[in-house]
Amino acid sequence: MVSLLQRRGVSSLLALLAGALTTLTFAPFDLWGLGPVALAVFYIVLQHTNMRQTLWRGWLFGVGMFGSGASWVYVSIHDYGNTGGPLAIVLTGLFIVTMALFVMLPALLYRLCTASKLDIVAFAGAWALGEAFRSWAFTGFPWLFLGSAHVSSPLASLAPLGGVYLVSLVVALSGALLARTLVSRHWWLLAPLAALWLIPLVLPTQWARPIGDDVTVSLVQGDLAQLSKWTPDGQRDAVNTYFSLTRQQALDSDLVIWPETALPMLEQQAMPFLQRVQSTLPADSTLMTGIMQRDQTGMFYNSMIALGDMPGQYRKAHLVPFGEYLPLEPLLGGLLKIFNIPMGNIGAGSHDQPPLQAHGLRLGVAICYEIVYPDLVRQRAKNANALVTISNDTWFGHSIGPLQHMQMAQLRALENNRYLLRATNNGMTAIVAPDGRLQAQAPRFEPAVLNGTIRPMEGLTPFTKTGSWPALLLALLMLLCGGILRTHRRDQTAH
């Protein structure tokens with residue numbers, strides 16, 4: 001069986017299929033047990049390869065992973081980006097084959113350590129470092145990290161300990177151990193494999209505790225049509241929809257939250273209406289909403305503002321390439337933006353903005369795509385006792401994109417042991433408990449108000465204190481151990 005997997009043509013096909021298999025580990029499928037299986041196959045097909053074969057099979061694994069797991073990109077480009085079908089297919093294909101290049105890095109790093117007795121740990125370290133590089137390079141695309149699938153798995157307790165990279169490291173090590181067991185038939189390797197999954201069961205998932213009184217919250221979901229949202233009729237519909245939903249179902253809440261760009265207009269235009277809505281709420285209630293701002297220089301900002309006794313604002317700090325700004329604009333000035341927002345260039349807010357406050361809550365804010373960055377959210381959580389993220393996942397239609405987005409938001413809540421409020425235009429609008437589970441969720445693709453209660457949390461998880469660097473340092477040490485032993489073994493052979 002193993003020898004069959006290692007044949008050249010079969011190995012290439014298996015690399016592609018194993019990459020596609022990883023998509024089933026994420027929402028909405030949640031078959032997290034397939035993660036180690038996919039990486040076990042990847043480990044096997046990388047055995048006894050030259051450099052060209054290593055890079056080719058790494059790239060094929062990436063094509064399978066992004067081709068299946070990020071298929072929602074087509075929906076954004078075609079359905080909402082006013083792009084024709086053939087061109088949308090080409091652009092989506094270019095995105096997939098480009099992102100697949102990033103999987104060549106862990107394959108290459110592992111290839112340098114394959115002659116080592118510790119190539120198992122080197123494989124796991126290379127995979128985790130590859131994910132970290134992908135979260136950083138060219139502003140990053142931290143989507144489809146294997147650890148993100150384990151919000152409810154036996155490995156969940158590792159998230160507040162070391163974050164998503166630690167979970168991914170253990171998933172990769174599990175896959176390598178499983179593969180080595182099959183290749184060498186050293187059945188004793190099943191013991192450390194079992195330990196990797198049993199030890200987290202006795203570790204705590206809660207490092208913080210609730211304090212203070214319950215805070216009642218209402219998350220308002222307007223379900224507005226994206227294609228007509230920025231028209232005059234769309235603006236009137238937004239005003240009427242959010243006012244009506246708030247007046248009917250959210251008047252008794254301490255905190256009312258509307259999603260990203262809930263009102264398709266600038267803050268200056270929307271403020272009289274927002275103040276009128278705020279005046280209909282109890283005197284000590286707070287209204288928060290996503291809104292576009294423009295400063296005196298004409299720069300636009302994707303923002304979240306708070307009205308009430310403690311007004312404040314947050315401006316999105318990590319922008320989406322091609323969606324909110326155009327990379328290399330002097331060279332690519334003629335390239336059409338994928339997202340058809342009728343605004344000029346969007347600016348980035350600072351990375352050290354204070355939390356928004358309401359009723360004893362200090363809310364660390366992440367707007368849309370920002371929630372997928374573990375260390376960005378961790379920085380927000382350090383000075384906050386709850387988290388809030390607003391989004392407009394209408395861009396992804398009925399694809400799996402919003403479900404994956406929600407799962408990553410759940411992991412951010414678990415990593416930092418904070419309640420997380422997620423308000424979106426058409427789902428998934430939800431309240432996430434500090435252990436990452438969904439406490440309440442609004443129905444998708446319909447106007448709704450999700451009411452619930454949360455409490456401030458006191459205390460920091462190890463991940464919130466230190467961030468990702470301990471897990472990545474461990475991954476680097478594991479990789480170096482494999483590399484050093486390989487060099488030592490080569491030297492002994494030479495003598």
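Colleague: Which residues of α9 does α8 meet?
Modeller: Start from the α8 side, where the residues include D119, I120, V121, F123, W127 and S135. Helices are DSSP runs of H or I of at least four residues, strands are runs of E of at least two, and both are numbered from the N terminus. Contact means heavy atoms within 4.5 Å. The partners in α9 are Y165, S168, L169, A172, L173, A176, L177 and R180.

Colleague: What kind of model is this?
Modeller: Residues are numbered from 1 along each chain as its sequence is written, and side-chain values use heavy atoms, with hydrogens and water left out. Local features need pLDDT of at least 70, side-chain atom pairs count only at pLDDT 80 or more, and totals for chains, interfaces and linings use all residues, because this is a predicted model.

Colleague: At what angle do α8 and α9 pack?
Modeller: α8 covers residues 119-136 and α9 covers residues 158-184. Their axes lie 8 Å apart. Axes are lines fitted to C-alpha atoms over the stretch in contact, and angles run from 0 to 180 degrees between N-to-C directions. The packing angle is about 145°.

Colleague: How many helices and strands does the protein have, and how many residues?
Modeller: There are 17 helices and 15 strands. The radius of gyration (over C-alpha atoms) is 24 Å, close to the 23 Å of the globule rule, so the protein is as compact as a globular protein of its length. That rule is 2.2 Å times the number of residues to the power 0.38. The counts are 17 helices and 15 strands, with the residues numbering 495.

Colleague: Is H405 buried or exposed?
Modeller: H405 sits in helix α15, residues 401-416. Buried means under 20% relative accessible area, exposed over 50%, and partly exposed in between (1.4 Å probe, protein chains only). At 1% relative accessibility, H405 is buried.

Colleague: Which side chain makes a polar contact with the side chain of H405?
Modeller: A polar contact is a pair of N or O atoms within 3.5 Å; within protein, one must be able to donate a hydrogen and the other to accept it, and residues adjacent in sequence count only if both atoms are side-chain atoms. A polar atom of the H405 side chain is also 3.2 Å from the backbone oxygen of C368. The side-chain partner, at 3.2 Å, is D393.

Colleague: What is the distance between the side chains of S253 and S218 in their polar contact?
Modeller: S253 lies in the loop between α11 (232-249) and β3 (255-257). S253 is buried, because its relative accessibility is 6%. Beyond four places in sequence, its contacts include T216, S285 and N451. The polar contact between S253 and S218 spans 2.4 Å.

Colleague: Where is the cis peptide bond with M428, and what is its omega?
Modeller: M428 is in the loop between β11 (420-424) and β12 (430-432). The cis bond joins G427 and M428, with omega about 5°.

Colleague: What is the phi of D30?
Modeller: D30 is in the loop between α2 and α3. It is partly exposed, because its relative accessibility is 38%. D30 is not a glycine, yet its phi is positive, about 60°.

Colleague: How far apart in space are H186 and F463?
Modeller: H186 lies in the loop between α9 and α10 (190-198). H186 and F463 are 277 residues apart in sequence. C-alpha to C-alpha, they are separated by 35 Å.
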